[in-house]
Amino acid sequence: MVELQTTWSWLPAIYLFLGGLGAGAFLTVSVLRLAKPGRFKKTVTGGVWTAVAALAIGLLALVSEVEKPFQAMILFKSFVNGSSWMTVGAWLLLVTFVVFVLSALFTTDKIADWLGSACKPLGRARAGINKVLAVIGIPLALAVAVYTGVLLGAAPAIPLWGTWLLPALFTVSALDTGVAAVSIFAAAMDRDEGIERVRATLEKAVIGLVVLEAVVLAAFVLTMQGAGADEARAIGLLTEGALGVQFWLLVVAVGLGCPLIAAITQLVASRQKGKVGPAVPVGGAACALVGGFTLRFVVLAAGLHAALVSPAALQAAQGALMLIS
Amino acid sequence: MAKQYGFYMDTERCIKCWACEVACKQWNGIEAGTIARRKVHEVESGTFPNVTRTFVSMSCMHCGEPACAKVCPAGAITKRGEDGIVVVDKEKCIGCHYCFFACPFGVPQYTDAGMDKCDCCIGNGVEPGDTPHCVATCPTQALQFGTMDELAAKVGDKKAKQMAADAKPSVVVS
């Protein structure tokens, strides 16, 4: 039996999921905020704080994975090698987190009012600041979402991760889970005028993203099946091996199928002037989150090391390339 | 080209006595039951009744272009210019495990102090370029050490091959 990859296990999977979720949620509410300034406060506030919390917990998970967490937190000492994607990512995450936190502070009425009374110019410029933070935050959030996949893709010894389809897959999943998280607030808490249209737009976005994610996921699986023996063995863990149940049930059925059905149900119901309770969108979004986490977990677990799949010794004795004499 | 030290593994001579592994652990003060910088692998080939077993002792390959050093965020892994030995600065290492996923041979291992791997014994007092303890202790001279040119001369007309990977490992196997 092939052993699963355990050097990076639960904690990095939690980070890859929450980093993507935070990025996706921030992106979604920023677009909403730029499109309809000053409206849908509950959805926007909920989404921004979700982004902050997700990124904070994700970063904690990431930092607790390393052997020396406290040393790792001294960024200017521990992330200095510019040729490493992890260095780029660490600084990107720092900047993004600061922007997310600032945006959350200026979004929350009580905090923003207090800031405004403490420093008058801040209070007057609040709307402008929020807009600027949204505009800066969108590309940063997108970069964080892509980086979760690039981090794995830049590890050359793991055959399963060596494709640009992985950053693509994680990015689409990040948007998908982000929209899902925001739609929970829109469905369960927000009662503003016009929220129906926002809900419908979010549901349409869910449909589009789920279909896109299914296409990218299928492309990823098919590419890996045809890429070589090591890649095929690793992807086999998902499609028929030790991770088969998690993959087909939680990633595909729960993570893609349920949100799609929930979104279609709501669109059909609203066309026929019918009403569905908030349980349907909230349930669909919860399923998307479960699928998003499981996707990161199974991709990590199936990331078999090339040398351990076909041992270094075997390669030494049989597969060497350069003849010395 | 600057000097590059490396290992030569003569599989015809290896009797799988593990002396290299033991010497490595002893001299480098590696706690029992934890990691091993050098490991003796066994490769089976053929089908019964024509089966052969080959023994290969492997550690860090001190690659020409080390993939581990490229991905290390802390800059804790360096390739020494004077002898090509790849070393880890454990003070700088944060233990993120990224190098394990970059190394084509899965060499990096981890302790609380950080990443741990072969440094050709320069960490325990052997002069760079002098014989490391694994090689000195090998009773059959299956494991040898030297510059890549010296190793090529030792290999002579045997069918030896340099380990293959994009990172250009400094290990020859025959």
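**Entry 1: a strand pair in chain B**

I began with strands β2 (residues 39-45) and β3 (residues 52-58) of chain B, which run antiparallel and are joined by seven bridges. Two strands count as paired if DSSP finds at least two bridges between them. Helices (H or I, at least four residues) and strands (E, at least two) are DSSP runs, numbered from the N terminus. I looked up V43(B) and found T54(B) as its bridge partner in β3(B). β2(B) and β3(B) form a hairpin with six residues between them, and G46(B) in the turn has a positive phi of about 85°.

A housekeeping note: this is a predicted model, in which local features need pLDDT of at least 70, side-chain atom pairs count only at pLDDT 80 or more, and totals for chains, interfaces and linings use all residues. Residues are numbered from 1 along each chain as its sequence is written, while chains are lettered from A and ligands numbered from 1 in the order in which they are written.

**Entry 2: chain B as a whole**

I counted up the secondary structure of chain B as five helices and 10 strands. Its radius of gyration is 16 Å, close to the 16 Å that the globule rule gives for 174 residues, so chain B is as compact as a globular protein of that length. The radius is taken over C-alpha atoms, and the rule is 2.2 Å times the number of residues to the power 0.38. The C-alpha atoms of chain B fill a box of roughly 50 × 40 × 30 Å along the principal axes.

**Entry 3: chain A as a whole**

Chain A has 15 helices and one strand. For its 325 residues the globule rule gives 20 Å, and the radius of gyration is close to that at 22 Å, so chain A is as compact as a globular protein of that length. I noted that 48% of the residues of chain A count as buried (20 or more other C-beta atoms within 10 Å of a residue's own; exposed is 12 or fewer, partly exposed in between, with C-beta atoms placed from the backbone).

I also checked UniProt, whose unreviewed entry places "transmembrane region" features in chain A, including residues 12-32 and 164-186. Such annotations may be inferred rather than shown by experiment. Residues 12-32 of chain A are 100% helix, with end C-alpha atoms 30 Å apart. Residues 164-186 of chain A are 96% helix, with end C-alpha atoms 33 Å apart.

**Entry 4: E231(A)**

E231(A) lies in helix α11 (residues 229-239) of chain A. Why does E231(A) count as buried? Because E231(A) has 22 C-beta neighbours inside 10 Å. Leaving aside neighbours within four places in sequence, E231(A) is in contact (C-beta atoms, placed from the backbone, within 7 Å) with P159(A), L160(A) and M224(A).

**Entry 5: where the chains meet**

I found 38 residues of chain A in contact with 38 residues of chain B. The largest share of chain A's side, six residues, comes from α15(A). That side divides into 26 nonpolar, 10 polar and two charged residues. Here Ala, Val, Leu, Ile, Met, Phe, Trp, Tyr, Cys and Pro count as nonpolar, Asp, Glu, Lys and Arg as charged, and the others, Gly among them, as polar.

**Entry 6: confidence**

Chain A averages a pLDDT of 87, and 94% of the residues score at least 70; pLDDT is the predictor's confidence in each residue, from 0 to 100. Over residues 317-325 of chain A the pLDDT is below 50.

Notes. Contact = placed C-beta atoms within 7 Å.
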